[in-house]
Amino acid sequence: MSLDTRPPRQSPVRQVATARERQEQRGMPSRSLLVALVLACVALMVVDSTSGEESPVAPVRRVAGEVLGPAQAGVATVLAPIVGIPDALRTNADLREALAAAEADNKDKELELLRGPYDENRRDELLGLCRMTDLGYALAPARVIGYGSAQSFSSTVTIDAGSDAGLRPDLTVLNADGLVGRILEVTSHTATVLLIVDAASSVGGRVGDNMENGMVDGRGGLADDAPLDLRLLDNTVVPERGQAVVTWGSEGGAPYVSGVPIGEVSRVYEELRLGTYRAVLEPYVDFTALDLVGVVVPSGGERVIEAGCTVQGGGVS
Amino acid sequence: MRGTRRPFTALLAVVMALLLQVTVFPHLAWDGVVPDLVLLSVVGAALVTDPRFATLLGFGAGLLLDVAPPADHAAGRWALALMVVGYVVGRFAHDHDSGQSGGRPSYPLMLAAGAGGAFVGISVFALSGLLLRDPAVDLGQLLEVVLAAAVYDVLAAAVVVPATVWLFTREPGARPAQVTPRTPRRTPV
């Protein structure tokens, strides 16, 4: 038997905890903690929302971004295949459809690519036509849609504008380079144009350098190397090589308005029998490659390029 | 779970929730509304820890949410909202099962806590935005988004809150709802 020599245990003193201590025992945050946290939140909000760019929170944000940014990127990378599963589950029919759509799209694009240079040329022509309105005439744009055959021995073309566009016979037709011809006949949607190179065509021309008047006659034939003749009215004046010839202008602007470039003198012949000079003109217009032409019309009509038109982007107004 | 491990677990839970919230759930967004995983993790933690810890955790998690990359609003708004959530849910849960012995809270309780916490948190966040005039949206629009987010949060709470609860109670023998031991101030006489 051994004696318990340890001192007698102290009987526990009954503790009476205060209300606050009970709260703390139960893990309740003290009131001061709550107030401090709320005030911290409010202060942070006010400081951050009022200080704008140089907010003291900005550096903290940056640091958080430096740390969490790569983590986000990593998670996103890891999860990308999982997130992409719905996309990967496609039926065969779906895939065929998508392929067909892509092929059709591709065809469209290829066509566009092929038409690209053509479109650019058309745009350039339109811009040139626009520049021609600097002469002071309003132009109705039209496109050459048919050439008369050579075996008919007349140089005529058909354009795709007619009386519904305000066209009538004896209007001047020109393109971005110069004078093309005049209208012979119109239907409601087309018009026939007599080119100045036609053998029956005779245009009043004026040498720009010395204001001498003359007649420009066509020789017939589109591809002839000397398609136009110039005979000056004054027999004593000798045309010189390189001189530019513009239209003289008819009364009332029909069939030819004045000041439209025709061509320049390329060769000069003296006709001994008549004692006159005949100059061969090189026309500015390439008659074998006519596309966009303009018909000089009274201004104010619909679809008319007014004088002094402006070019915006690729369009003309 | 006690001592040094609990803050570590909390950090892990909050950061994971944040990363999921900003990377994964935008793919599952409904009209741009994403479940507030951070908020729900705070709710989960509040259910199994004491209110003081939950309040501090809410404050910290909200602060993290306020400065983490996609955030652009005035810092402190989520901190206030999540702090309130932590305090309210913690206090409520603590009062509710103070009589019971420790253990994981029942599933309906988790859901209810998730729904309530989500509503409270989002509302506080939205109200603070109204006071600060932070997002220039009208009240109707705000209410719509708040309700949508609360509904989505309830759906997400069904998974996230139990997951967080499990994370905080997974240590074998851990006593959930255990009070952080504090040194008694009064020495026995």
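**View 1. The second largest pocket, in a predicted model.** B:Met16, B:Leu20, B:Val160, B:Ala163 and B:Thr164 lie nearest the centre of the second largest pocket, which 14 residues line. A pocket is an open set of points on a 1 Å grid over the protein atoms alone, where a 1.4 Å probe fits, with protein on both sides within 12 Å along at least five of seven lines; lining residues have an atom within 4 Å of a point. This is a predicted model, where local features need pLDDT of at least 70 and side-chain atom pairs count only at pLDDT 80 or more. Residues are numbered from 1 along each chain, and chains are lettered from A in the order written. The volume is about 290 Å³. α6(B) gives the most to this lining, with 7 residues.

**View 2. The largest pocket.** Its space is about 880 Å³. Of 27 lining residues, B:Gly32, B:Asp36, B:His73, B:Trp78 and B:Phe125 lie nearest the centre. Here α6(B) gives the largest share, 5 residues.

**View 3. The contact of chain A and chain B.** Chain A brings 35 residues and chain B brings 41; contact means heavy atoms within 4.5 Å. The buried area is about 3200 Å², 70% of it from carbon and sulfur atoms. Buried area is the accessible area (1.4 Å probe) that two parts lose on being put together, summed over both.

**View 4. Salt bridges across the interface.** How many salt bridges does the rule find between chain A and chain B? The count is 0, with a side-chain nitrogen of Lys or Arg required within 4 Å of a carboxyl oxygen of Asp or Glu.

How values were computed. Side-chain values use heavy atoms; hydrogens and water are left out. Grid points are joined across faces, edges and corners, and a volume is the space filled by probe spheres set on the points. Helices (H or I, at least four residues) and strands (E, at least two) are DSSP runs, numbered from the N terminus.
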